[in-house]
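Let's take a walk through this structure together. Please keep the sequence and the model in view as you read.

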Amino acid sequence: QIDWTAVDGAEKYEVVITLANGETITYVETDTSVDDADVACPQSYKGDNGHIAYVKVRSVSGDVYGEWSAEKSISCNALHFGG
């Protein structure tokens, strides 16, 4: 699960997860978390740097986009991707 702090006036949040192979997964959430479950990480998640991916979040209000948060690394044990 990934959690972040709500932003006043935000209608939704755009969450981008970058996998070890450069592939990105984008979520658009109205809540302040992403929680997906699966039994194992997909093969593309596993890179030379181990089971590491990076996540960043920005707020969205109408057609106004906030600044991206600093990227944070996450491990396979911290988040699993559902299909």
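What follows goes from the overall fold to the core and then to a few individual residues.

This is a predicted model, in which local features need pLDDT of at least 70, side-chain atom pairs count only at pLDDT 80 or more, and totals for chains, interfaces and linings use all residues. Residues are numbered from 1 along each chain as its sequence is written, and side-chain values use heavy atoms, with hydrogens and water left out.

Let's begin with the fold. The chain has 0 helices and 7 strands, where helices (H or I, at least four residues) and strands (E, at least two) are DSSP runs numbered from the N terminus. Read from the N terminus, the elements are β-β-β-β-β-β-β. Contacts here are heavy atoms within 4.5 Å. Among the contacts with a separation of 6 or more, 59% join residues 24 or more positions apart. The chain has 83 residues, and 29% of them count as buried; buried means under 20% relative accessible area, exposed over 50%, and partly exposed in between (1.4 Å probe, protein chains only). The accessible surface is about 5100 Å², with 45% belonging to carbon and sulfur atoms; such areas come from the Shrake-Rupley method with a 1.4 Å probe, and for residues only the protein chains shown count as cover.

Now to the interior. In soluble globular proteins, nonpolar side chains tend to be buried together. Which residues make up the largest nonpolar core here? This core has 12 residues: Ile-2, Trp-4, Tyr-13, Val-15, Ile-17, Leu-19, Tyr-27, Val-34, Ala-53, Val-55, Val-57 and Ile-74. Strands β2 (12-18) and β5 (52-61) each supply at least two residues of this core. By definition, a nonpolar core is a set of buried Ala, Val, Leu, Ile, Met, Phe, Trp, Tyr and Cys residues joined through side-chain atoms within 4.5 Å.

Leaving aside neighbours within four places in sequence, Val-15 is in contact with Trp-4, Ile-25, Thr-26, Tyr-27, Val-34, Val-55, Lys-56 and Val-57. Ile-2 is found in strand β1 (residues 2-3) and counts as buried because its relative accessibility is 10%.

Charged side chains come next. How many salt bridges are there? The count comes to 1, taking a salt bridge as a side-chain nitrogen of Lys or Arg within 4 Å of a carboxyl oxygen of Asp or Glu. Glu-14 pairs with Arg-58, and their closest N and O atoms are 2.7 Å apart. Glu-14 lies in strand β2 and Arg-58 in strand β5, so the pair ties together parts that are 44 residues apart in sequence. Both partners, Glu-14 and Arg-58, are buried. Elsewhere, the charged end of Lys-56 sits over the ring of Trp-68, 4.7 Å from its centre; the rule asks for NZ of Lys or CZ of Arg within 6 Å of the ring centre and within 35 degrees of the ring normal.

Let's return to strand β5, which holds Tyr-54 and Ser-59. Tyr-54 counts as partly exposed because its relative accessibility is 33%. Its C-alpha atom is 6.7 Å from that of Leu-19, a residue 35 positions away along the chain. Ser-59, in turn, has 16% relative accessibility and therefore counts as buried. Beyond neighbours within four places in sequence, Ser-59 is in contact with Val-7, Ala-10, Lys-12, Tyr-13, Val-64, Tyr-65 and Gly-66.

Finally, look at Glu-29 in strand β3 (residues 24-29). Glu-29 is partly exposed, with a relative accessible area of 21%. The C-alpha atoms of Glu-29 and Glu-14, 15 residues apart along the chain, are separated by 6.5 Å. With neighbours within four places in sequence set aside, Glu-29 is in contact with Trp-4, Lys-12, Tyr-13 and Val-34.
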